[in-house]
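Here are a few quick notes to read alongside the picture. Keep the viewer open as you go.

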Amino acid sequence: MAQASSRIMLSCKHLWKVFGPRPAYYFDTAGYRIDPEALAARLRGEGHIPAVVDASFDVKQGEIFVIMGLSGSGKSTLVRCLSRLLDIEYGTMEFDGQDLARISGRDLIEIRRRKMGMVFQSFGLMPHLTALENVAFPLKLQGVARSEREARAREMLELVELGSRLDALPSQLSGGQQQRVGIARSLAPDPDLWFLDEPFSALDPLIHRQMQDEFLRLQNQLKKTIVFITHDIMEACRLADRIALMRGGRIIQLGTPAEILLSPVDDYVADFTAEVALSRAIRVRDLARPAQGEPPEGPPVPAAAPIEVVLPALAAGQRRFRVEGDGGLELEAGAVLEVLQRDARHGFRADGASA
Amino acid sequence: MTAPRVRAWHRVWGGMLALSVLLVALAQQFPQLGGFPTGLVLNLSDWLNAAVTPAFEAARPLGVLLSALAETPLAAIRSALAWAPWPAAILAVVLIALYSGGWRLALFAAAALGTVVAMGYWPKAMNTLALVLVSVPAAVGIGFALGALAYRFPRTQPALIVMLDVMQTWPAFGYLIPLLILFGFGPTAGLAASVIFSVPPMVRNTLVGLREVPPAIVESALMAGARPGQLFWQAMVPSALPQLLVGVNQTTMASLSMVIIIAIIGGFNDIGWEVLSAMRAAELGRSLGAGLVIVLIAVLLDRITRGFARRGPRVMQARWLLAGLVLALVVALVLSGQDLLPGEQGQRWLRRIDGWLLDFVAWSAPFFAVLRNAITYGVMLPMRIGFSGSASPMVWGFALTPEITAAYVLVSAAIALLLGWRSPQRGIIAGFAALLFWTGLPGFPWPGVFLVVGVATWRKGGTGLFALAMGGLALAGLSGLWVPMMQSVYLCAVAVLICFAIGGALGVIAAESDRFSAFLRPISDTLQTMPQFVFLIPALMLFKVGEFTALIAIVLYAVVPPIRYVEHGLRNARADLVEAGVQMGATTWQMLWQVKLPLARSSVLLGLNQTIMAALSMLVIAALVGTRELGQQVYVALSRADAGAGLISGAIITCVALVSDRLLRSRSSIHRKVPE
Ligand SMILES: Nc1ncnc2c1ncn2[C@@H]1O[C@H](COP(=O)(O)OP(=O)(O)O)[C@@H](O)[C@H]1O
Ligand SMILES: [Mg+2]
């Protein structure tokens, strides 16, 4: 997984997006001063849908920022605000030093052409274009010459392992293949910021994992800054550097997967994450700490591996594990056991509920 | 069993029924309650002429400019088609058919065009084709532009939809005179009429196509950095293309239909004129031959344009088509100047079948006479002059004595009450039916018509529809066209009844039997692609001039929608409800009447609507073979070059069509898709 630098790529403060007859009425130039919950409740009471409520977060360069929540929680709306497919009612968005919320016209088109890419849940491929032409489409709009754009498109399709289906129409491709075309298309102009709105949700669950692995492989190669939307907590934990959990338009918790899993802010988040097997979702580096005293013996464990990899050795009696890398980190059996105990409690509770 | 609750609207309609009975009774004493009083008739058409004629004459310079614009390409296409030797032209069309629809269509194209050549109709067919080739691009261009604008400015859509409905229902002959004033005598007026009539389907399909572009496609184009123009032309239009091509197909067929009808003004030497003159000369063989040519052209144009609307693999690539067309051009250059057309052989042959046809007509006359008498005396007369009119020794063999009148009143009151006891709605319907059967449709007292139509439109459609309906009725009355209007309604009603009896039965069978459905489908398809004009030929051949012949032509044209919609409705009846019916032990017959047909109600209503529209649009064409209604008034106005009278008759037909359309369309079904 790519390690994020500390440079901030996209910064959002107090974003609001409201659907309804006259959303602007509630956000005059002086701004709102009341409590967001109260305003959201008032909006709902007066026939509006507050789809994004006071969202604030930063996305760092090179990180995978996952927005997660149930269907209808406002994820798609939020990402459409970030890409300016929707205009926000209130708030500030700064992208790469530019005020994204105010930018418009030519500048917006220019940003979309060169700096942003987006992948859609329902693919959004042009039905009349072949895979190659679809991928070359953004470059065609920019006026790139045919041979050049087709060379680039071919390269992109090879990247997503579709080099053999260049001339297929979308209707001749499977769902997974269509989404690979969608991914290749969004990458063709080499964007800095990459939005993916539930890219795998429309696909057969059996190929989710394969697509996720492929996505991680791509990201290792390309190191984009990514905003990834999903409603699947397992997917979020596998992919995310950080997760923003949304409910009713609000971001209710923001943190690394381990933070969200190990210290949920409230019962809602705890319930949400209850199904996750912690021994698989928590990684070695989440529990690692600087080694104290003698470095532990035995082969080192990879920092990005789930903690379940140490279980055999743990059962055999090993108490401390050396973590790969030169940070001088170690993993302590007590920390692992604590997580395993939580897993066991969850499992018991789940069983009790179902019995 | 308890009587169902009597609702407010039952009371309203019950009151209306009582009032109507009173009016009918009073009309015996006061004739001015029967037909619209002549004292109230105004000279509307003269007033209208005084306004319209100078206005259109003032616009003459614009008309001259437009006709120059239209006639240049027309002349070019005509001379190109006249120059191209038929083998080269057929080669080109066969290649296009191959590209669009595959081998079967190519074979059909070769056979069809070969037949046209053999019958000696090639030059006339090419003249018709030239008119279509000018009118279709104009209609497609205008329709696409209007549709795209309406998509961009959604507020204009309601007004535009009404305008399109008017354009499609106002009979072209009704505005032909003003067009002739504007453009002068020549093909442009006909072309303009054809464009007006064939633009609406293109607008509708453009609007639907653009609306149904998936949002993800729009968003992905925007995220790719599309400018507004790029978004429209490179993402939306290509995605909507199949729907747009459906529009091209419908526009082409409408255009062909109109081009052929418009031949009535003469001067094009086209195939429509050929049919018309053959019919006038009572040459059955020639009119059948020319009619066949029209059908072949129509089916060919339909299948080719439909093929282009289909997305998917083609038999050959576009560049081979291009190469083939170049080859056809070379062939044309090589053969040009030679007279390759077969001589009079085909025509002579057609004349020869005249004799056989006459024999056939004479031989089959007794059978058709039975049919004719049955429908004339059993359906048409009672609906036209009513029981009170037809109960005479001459028609039904008995006179209308007071005893018979009393018996009629008692029996119908008993039936209405009996039905009304179980369902007030049925009782009221039975009451009105008995009343109409007594007076005949055209004889229904005019205040009653105003009353019934007024209440119905008010309740169903609000003030707009009410105003339209009242305006239409008042226009008919004041312009002295009350009786023709009622005659039109009557003729349509008879046609629709017969269409539903036949078409409904066929639809029910088709819904039960896949084989019958497969057998019926190509027939329905062909009937629906045939230009309206063609239906006059067999009707005229078998029944001579007269109202009954017009009725047959209307029924032939309008019988397809009930078949289609009834079958569609029955087949799409919700499977779980049908299964529940089977589970409860319903017999086949009970299933049909008590489960499936009620479930298919909205589809059947939509079919009824389409049938009425088809019948009304055929009315004006059927008037050519002799009727006494509004369609005939349109012709009379045309032959007298009376612009005002033509406009008024046309406007009344449009009002009738729009009102019945809106009355039958429930809100939910307005956007429902038409079954294929
Ligand atoms: N164009 C729109 N008009 C009105 N309401 C909308 C629109 N788009 C989304 N919403 C509403 O906003 C809320 C959030 O929707 P969305 O962002 O699509 O949720 P998610 O992507 O998390 O499933 C939902 O209640 C939805 O009904
Ligand atoms: Mg969504």
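1. A contact here means heavy atoms within 4.5 Å. With residues up to four places away in sequence left out, Leu86(A) touches Lys17(A), Phe19(A), Thr77(A), Arg80(A) and Cys81(A). Leu86(A) sits in the loop between helix H2 (75–82) and strand S4 (90–95) of chain A. Helices (H or I, at least four residues) and strands (E, at least two) are DSSP runs, numbered from the N terminus. Lys17(A) is 69 residues from Leu86(A) along the chain, yet their C-alpha atoms are separated by 8.4 Å.

2. Mind that this is a predicted model, where local features need pLDDT of at least 70 and side-chain atom pairs count only at pLDDT 80 or more, while totals for chains, interfaces and linings use all residues. Residues are numbered from 1 along each chain as its sequence is written, chains are lettered from A and ligands numbered from 1 in the order written, and side-chain values use heavy atoms, with hydrogens and water left out.

3. Over in chain B, residues 485–664 are 84% helix and 0% strand, and the end C-alpha atoms lie 20 Å apart.
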